[in-house]
Amino acid sequence: MQVAYTPAEIAAIVGAQRTAGSTTRKIGDIASLTAARAGDLSFLGNPKYKAQVAESQATALLLPLDHTGEPRADQVFLYVENPSVALARLCARIEQTLWPKPPAGIHPSSVVAPTAKIDPTAHIGPLCVIEEGVSVGAGSVLQASIYVGRDARIGEGCWVMPGCSIGSTCSLANRVRLQPGVVVGSDGFGYEFVQGRHAKIPQIGSVVIGDDVEIGANSTLDRARFSRTVVGEGTKIDNMVQIAHNVVIGKHCILCAQVGISGSTTLEDYVILGGQAGVGGHITLGKGTKVGGQTGIAYDTPPGSYLNGTPAISYMLERRLQVLHQRLPDLFKRVEALEKKPE
Amino acid sequence: MQVAYTPAEIAAIVGAQRTAGSTTRKIGDIASLTAARAGDLSFLGNPKYKAQVAESQATALLLPLDHTGEPRADQVFLYVENPSVALARLCARIEQTLWPKPPAGIHPSSVVAPTAKIDPTAHIGPLCVIEEGVSVGAGSVLQASIYVGRDARIGEGCWVMPGCSIGSTCSLANRVRLQPGVVVGSDGFGYEFVQGRHAKIPQIGSVVIGDDVEIGANSTLDRARFSRTVVGEGTKIDNMVQIAHNVVIGKHCILCAQVGISGSTTLEDYVILGGQAGVGGHITLGKGTKVGGQTGIAYDTPPGSYLNGTPAISYMLERRLQVLHQRLPDLFKRVEALEKKPE
Amino acid sequence: MQVAYTPAEIAAIVGAQRTAGSTTRKIGDIASLTAARAGDLSFLGNPKYKAQVAESQATALLLPLDHTGEPRADQVFLYVENPSVALARLCARIEQTLWPKPPAGIHPSSVVAPTAKIDPTAHIGPLCVIEEGVSVGAGSVLQASIYVGRDARIGEGCWVMPGCSIGSTCSLANRVRLQPGVVVGSDGFGYEFVQGRHAKIPQIGSVVIGDDVEIGANSTLDRARFSRTVVGEGTKIDNMVQIAHNVVIGKHCILCAQVGISGSTTLEDYVILGGQAGVGGHITLGKGTKVGGQTGIAYDTPPGSYLNGTPAISYMLERRLQVLHQRLPDLFKRVEALEKKPE
């Protein structure tokens, strides 16, 4: 991880409530309990791995307050309320060291239209294109090679990574984070079939992205036919997710990689979609709906649904049907036997 | 939508055959029948929503010629042959206002090889790279940050959005539209397994894209092993679609988002593939074949097929099997009961 | 293919052991046995097409040593050990003609940090951004519009195509080939759910890519939460493949297009994943595991497994269940008949 801390420094960063053991080593890397070697930090993030702590070669370990057991020689235990959260805090510190926020200002190689309003505390890295009427808020970072179309709006504290394209009139609220290659505001996929040809329906709406949204690499979000495609506050979207035109996604949803959502569909708050799931058009997934990977959904779901399979059915039923499905060879034999039974 | 029209202006733009009602308002946005508020335009695009017209708060409504019912106070009905087409016409007008065609010329920040032939009416935006021997036809627009490889050919009236990459020797015909991040002409995925290693088979063919094709954001089209990967005239491809090497796609097909087509497969004209469908290699989908979302096809299909499921079977059979599949618990019980029946 | 060779030149390039027949034509294109016309080269890559040789209009044909049959007038047979390998050798030659390696040096439009170490034999094309501490090895080519983050390392003989983004601290070994739009080192998708919100877990690890790896267009590889996401030597990855954080991929694997692999999963050597397959998190696919297209895998697999379906089961069982599944309507009828049978 290209940095090194003493266990005491780590204890201070993570706010450890107490420690046990001692070492003279510095910590230079992080690893899982089983993979860690001398000089590494490890952590017990999930109680089911508790037995691995005693065997771990890690020099320092983040452990829950109620953990029993003693450190070995040259090993330090750091007790914290939530080891995962503690590790995140440490990683955040390392992150700032590894890639510090770039300084304010506009790189001279970028092409910025005269009417664009760039806050003086924002950073516009090299080789960006910022069109007329764009606004970029305080402290936002556009790393490099980013396109921002006419009249688009980027709020405060956003971080946009290389190769993203933000279409005309689209907007990011505050603290939005786009991984490399995200496309916001491509045209929705709409055509009228007229005289044997697909005639394009203009797509003149926009995409509106709420506070604290994160979008994964190479994901695509289409602009609305008219009005807005929406991603609600706090929603997190993984890599290569496709959001069609006029989709409305609620707050604090989780969309795993390669999910696709068809046009005009609504996801209420706290929906979770597993990887490669596909959601049909013009439907509503109720609040807190959970959907397994590769599931295909074509109908509305009530709040709190837990679905799986294509077509999507309740997770418990799907699991039961899978078992019965695999017993089909047996069932066919049993029916054959019944048919052969003398009357 | 950042523009405003009087209902009379809209009637003129869409060619309304007659109007009813009146208002002094200007129209500043477009919305569905149920979402529309005062000041909005709405439309009846699908007869099944007819009952919503009477309740709509829209100030102006595009309605079919045979629509019965009267406008309310401060509301205008605009009667047209096809409200969807009429709306598209209006949106096209708005589109021109929102993002007018950029002026002819080459932005000085672009890197254009001396032997490239750029029509004087074409627009090459900022930070593009145009290699030796490329030609760009009359009126074509390359927005920004686009790569065009050696000897590639872009026809007339094309529109290429930011971040696209068009590989060496590939060609776009006329009026082709590429959304951001499209890759045309990546290497086909071909290897020979020799002595425990995958040895690359060079991919020296090209990609040939016909007139009026549109390709969605971040889609990828591989160049042929040799000869050509082809996309026929008028075909529309959604976001994140994968077209492998030597695929030949006919005219006026529709490929929804996240579809994948394996190498050397042929789609005849008017094929429609639902989102996330996967098509195997070296097969032919007959003219007008329709395929549901997430379907997996491994065999040739006769013209006019309508398929669903993995493995793909006829849509009607698939629907029936889905129903029976969900009745498996019942079937197992019934067989058990038969087995227990005394002889 | 924009080049032309005499059959004698081709025989020399591919190392033909003997020839039969003669022609005065030059060979200007390559095509399959059935598509080839006069002036084309064709080849018998798969014995099942042997009967097509006699009908082929190709002027020159690459054939296996044991092929029987005589060339027609104005036709040349070139006998080689492996026609596919021979064709690859010819195509490699053509490739060098079509897109020769660009000269060493850094294009003046690129933005290269002062502490970056670019080997003098490397080529940095136009409009690239190379951050502080990056190293690029001998003979590597960065074509155009590529972003390389701080302290990333690119080995010798790599070829990186336009629009790729290589994140901070990530590394490519030697002869790695990235197709356009690849993202290496996007953040892993990790959050803690705290007080109704998803709090980001910093992702401070890296991505390490081995020798001779090729990665397809618009694929994404997330950096590890900590430590490393790994792609082993000789592995080939197709377009739009998603590799989550902390995934470890062995040597000489094949990942077809649109595959997704969830976090912390391990693929041992020689694993093959069909297109659109999805692999769950925290599992291990044993050496040589083969997986059909669209398969969904949630559990460890023993070495040499051959799986299909969602949930994945053995390929042979899956095929059998598919047959029985389609006979469900019949089975329901048979059970009904049994139930109606008088006692």
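Predicted model: local features only at pLDDT ≥ 70, side-chain atom pairs only at ≥ 80, totals over all residues.

Biologist: At what angle do the axes of α1 and α2 of chain A cross?

Modeller: Roughly 110 degrees, and the axes come within 9 Å. Helix α1 of chain A covers residues 7-14, and helix α2 of chain A covers 83-98. Anything from 65 to 115 degrees counts as roughly perpendicular, so that label applies to this pair.

Biologist: Which residues make the contact?

Modeller: From α1(A) you have Ile10(A), Ile13(A) and Val14(A). α2(A) brings in Ala86(A), Arg89(A), Leu90(A) and Arg93(A).

Biologist: And how do the residues of that contact divide by class?

Modeller: Five are nonpolar, two are charged and none is polar.

Biologist: OK, switching to the chains. What rotation superposes chain A on chain C?

Modeller: One of 120 degrees, with 0.0 Å of shift along its axis and an RMSD of 0.1 Å. That is the relation of a three-fold axis.

Biologist: How much of the contact surface of chain A recurs in chain C?

Modeller: 18% of the contact residues of chain A do, and the copies use different surfaces.

Biologist: How many residues are in contact between chains B and C?

Modeller: 48 from chain B and 50 from chain C. On the chain B side, the elements that each supply at least two residues include α3 (315-326), α4 (328-340) and the strand β19 (183-186). By class, that side of chain B has 20 nonpolar, 20 polar and eight charged residues.

Biologist: Last topic, the sheet in chain B. How many strands form it, and in what order?

Modeller: Nine, running β8-β11-β14-β17-β22-β25-β28-β31-β34, with parallel pairing in an open sheet.

Biologist: Which strands stand at the edges?

Modeller: β8 (117-118) and β34 (284-285) of chain B. Each has a single partner strand, so one side of each is left without a neighbour in the sheet.

Biologist: How does β8(B) pair with β11 of chain B?

Modeller: In the parallel sense, over two bridges. Ile118(B) has Val136(B) as its bridge partner in β11(B).

Conventions: Residues numbered from 1 in each chain as written. Chains lettered and ligands numbered in written order. Contact = placed C-beta atoms within 7 Å. Helix = DSSP H or I, 4+ residues; strand = E, 2+ residues; numbered from the N terminus. Nonpolar A, V, L, I, M, F, W, Y, C, P; charged D, E, K, R; others polar. Axes fitted to C-alpha atoms, helices over the stretch in contact; angles between N-to-C directions. Parallel < 35°, antiparallel > 145°, perpendicular 65-115°, else oblique. Least-squares fit on C-alpha atoms with pLDDT ≥ 70 in both. Pairing = 2+ DSSP bridges.
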